[in-house]
Amino acid sequence: MATLTGTLEDASATTGRAGAGRIRRRRKRLPLWHLLWLVVGALYFFVPIYSLVQFSMEGGAHGLAWFHWYRYIFDQPEFRTTFWLSIQISLETVAVGVVLMVPTVFWVHLRLPRFRPAMELIAVLPFVVPPIVLIVGIIAFLHPLTWLIGRPEVLALIYVVFALPFLFRSLDAGMRAIDLKTLTEAAESLGASTFRTLVTVILPNLRAAIIGGALLTVAIAMGEYTVASLLGFNTFPIYIYQTGEALAYPAAALSVISFLLTWGAMLALFLLGGRSRTAAQPVLAK
Amino acid sequence: MTTVELRGLHRRFGDVVALEHLDLSIASGEFISMLGPSGCGKTTALRIVAGFEWPDSGEVLIDGRNVIDLPANRRNMGMVFQAYSLFPNMTAQKNVEFGMRIRGQSGDKRAKRARELLELVGLGAAMDRYPRQLSGGQQQRVALARSLAIEPGVLLLDEPLSALDAKVRVQLRDEVRRIQLQLGITTLYVTHDQEEALSVSDRVAVMSNGRVEQIGTPAEIYGHPKTAFVAAFVGTMNQLEATVVSASDKTVSCMGFNMTVHESRFDYAVGDTLKVFVRPENLRVQPLANGDVPAAGSFAGRTTSFTFLGPVTRVGLNTDLGSMIADVSSALALNLTPGAPVAIELLPGSVHTLTD
Ligand SMILES: Nc1ncnc2c1ncn2[C@@H]1O[C@H](COP(=O)(O)OP(=O)(O)OP(=O)(O)O)[C@@H](O)[C@H]1O
Ligand SMILES: [Mg+2]
């Protein structure tokens with residue numbers, strides 16, 4: 001990669017003068033209304049966020065410290081318990097989802113490629129079927145397991161279904177990006193079992209796909225309201241809702257916190273995914 | 001060392017018969033190439049030997065033991081693939097060590113052996129590079145080192161050089177052969193490139209439609225093709241219809257021109273018609289003055305086309321015996337004028353029949 005970029009840069013350095021002129025002229029031609037459009041678009045996104053942040057800091061007007069409502073939220077035992085519960089459920093969802101889906105998608109790609117379209121169809125079902133129908137179905141299915149229904153882990157099992165489309169898409173794309181068949185056969189010819197191949201050869205090359213799928217899964221599990229409320233669990237989204245019902249300022253602060261969390265997760269996805277995607281690229285450099 | 005025997009391998013994919021009762025046996029330490037056109041079943045045969053594919057019937061014997069029921073990861077065969085197959089998350093060294101690690105060898109031993117093997121393939125300095133930092137040819141070298149690291153009984157290569165450019169291909173094929181000879185490893189090499197097969201193999205198995213058409217040394221395959229398919233597939237052949245004039249002298253005649261067939265077996269009677277074959281490089285072409293009659297033992301024709309191939313020029317001819325092709329040394333080809341009359345002579349011992 002490095003050498004490739006190097007040669008490209010060298011090439012543009014030698015032909016640089018003429019090229020730079022052309023580029024500068026093109027940049028100058030960028031119409032003003034393009035810029036305007038950009039500003040309008042940015043405003044559309046940033047004004048609500050700004051208002052939210054501003055509102056959450058409003059405490060100052062009431063003679064309170066700027067970050068009063070944030071401190072208030074962080075001091076709530078409810079905040080901490082519900083937040084950790086949701087984190088815990090998210091991680092469980094990721095664990096169950098990954099353990100379930102990685103071998104499945106691997107197997108479908110390797111041995112049953114004809115089954116892949118069917119798999120794709122199954123994977124979009126959670127989008128098509130209304131959540132409420134899904135929940136009623138799942139609960140009816142889990143009903144005999146009364147001990148499970150009462151535990152928060154049941155949410156993880158349900159969220160796995162919601163996360164299925166994202167996990168599948170992400171893993172599917174990841175496996176299509178590498179030569180799964182050849183890599184697997186190479187490992188097997190060297191004596192590796194299928195399990196060992198999966199763990200030492202395939203998984204490391206699916207890092208970006210797994211991280212991407214996992215973060216989307218976390219986003220779903222951290223934000224899901226309907227099921228948690230129906231089953232009566234006090235998760236983070238429920239807490240946000242209840243706070244919002246009763247207390248406007250803390251709710252705004254809470255929204256900002258949850259927004260920052262989501263944004264942080266996306267940034268992590270972008271950074272981790274971006275880095276290992278370049279690492280997996282089969283660039284041929286002399 | 002290790003012998004390999006394919007016995008009656010049969011494999012269908014739906015309506016396509018990929019292998020039709022294929023038999024092939026490879027002596028210990030021998031380098032055999034499977035050569036054939038696309039779709040003739042080479043890869044299928046190799047993958048059955050490797051354990052990635054299964055025959056409908058037939059056996060694969062390694063040292064006399066049938067391994068059909070053994071999974072690929074227990075066959076201890078080195079395999080080099082056509083597609084780049086290095087593990088992208090591992091350095092060259094870690095790739096080479098992979099098989100040894102699975103065999104539970106200690107870290108010191110692995111590192112030492114990996115270095116030896118990478119030096120053997122000329123990449124001692126690239127141990128710490130990742131596959132993405134290696135050229136295609138270098139990646140295939142590492143893949144070769146990796147497959148040799150498990151000290152395989154058999155080395156299998158499926159068109160390992162086909163993705164590389166011509167120069168690297170020639171260089172690497174010679175290196176594969178050098179290493180194979182050095183280690184004395186039994187090798188099955190799949191290719192559709194005849195030059196590759198002829199230049200590196202002990203024996204070449206020419207395949208067509210799931211069967212071995214002919215197996216023999218490169219010289220036998222090139223000099224004495226047994227079937228019309230082999231004659232047409234390996235190199236270029238002039239093909240002539242002839243009639244037997246004398247069975248004992250093995251003399252045949254084509255349009256009144258007599259030729260002696262160079263073949264130890266000649267099961268024809270006087271008056272039989274047969275096909276005879278002459279390689280283009282065995283035609284001697286000389287300019288002929290207008291109106292002259294060619295000397296005894298040669299026949300007349302006119303040049304129709306010239307294709308410059310470097311050391312030789314391929315000359316198209318319209319002769320008394322039919323249209324033919326001659327490979328003439330490029331220096332001598334300068335004496336020939338397009339469309340001008342020429343006298344053509346066949347080198348002694350160059351006329352063959354199919355021996356099957
Ligand atoms: N998995 C498969 N499913 C269906 N048909 C197959 C399969 N594998 C091979 N075939 C068919 O079997 C025949 C032999 O294929 P094979 O790959 O062995 O040919 P090959 O000699 O290696 O050709 P090439 O030089 O193009 O690699 C072909 O007609 C191919 O289409
Ligand atoms: Mg093939």
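**Confidence.** I began with chain B of this predicted model: its average pLDDT (the predictor's confidence in each residue, from 0 to 100) is 92, and 99% of the residues score at least 70. For the complex, I noted an ipTM of 0.86 and a pTM of 0.81 from the predictor.

**Ground rules.** Residues are numbered from 1 along each chain as its sequence is written, while chains are lettered from A and ligands numbered from 1 in the order in which they are written. Local features need pLDDT of at least 70, side-chain atom pairs count only at pLDDT 80 or more, totals for chains, interfaces and linings use all residues, and side-chain values use heavy atoms, with hydrogens and water left out.

**A helix pair in chain B.** Next I looked up H2 (residues 92-102) and H4 (residues 136-148) of chain B, whose axes are 7 Å apart at an angle of about 30 degrees. Helices here are DSSP runs of H or I with at least four residues, strands are E runs of at least two, and both are numbered from the N terminus. Axes are lines fitted to C-alpha atoms, for helices over the stretch in contact, and angles run from 0 to 180 degrees between N-to-C directions. H2(B) and H4(B) are therefore roughly parallel (angles under 35 degrees; over 145 is roughly antiparallel, 65 to 115 roughly perpendicular, the rest oblique). I found that B:Ala92, B:Asn95 and B:Val96 of H2(B) meet B:Val142, B:Ala145 and B:Arg146 of H4(B), contact meaning heavy atoms within 4.5 Å.

**Two residues in chain A.** I then went to A:Ser86, which sits in helix H5 (residues 77-111) of chain A. A:Ser86 is buried at a relative accessible area of 1% (buried is under 20%, exposed over 50%, partly exposed in between, with a 1.4 Å probe and protein chains only). Beyond residues up to four places away in sequence, A:Ser86 touches A:Met222, A:Thr235, A:Phe236 and A:Pro237.

A:Ile202, in helix H11 (residues 194-205) of chain A, is buried too, at 0% relative accessibility. Its contacts outside four places in sequence include A:Phe106 and A:Leu180. I checked A:Leu180 against A:Ile202: they are 22 residues apart in sequence and 7.5 Å apart C-alpha to C-alpha.

**Positive phi in chain B.** Last, I looked at B:Asn76, a non-glycine with a positive phi of about 55 degrees. B:Asn76 is in the loop between strands S5 (65-66) and S6 (77-80) of chain B and is partly exposed at 26%. B:Glu159 also has a positive phi, near 45 degrees. The loop holding B:Glu159 runs between strand S7 (154-158) and helix H5 (166-183) of chain B, and B:Glu159 is buried at 9%.
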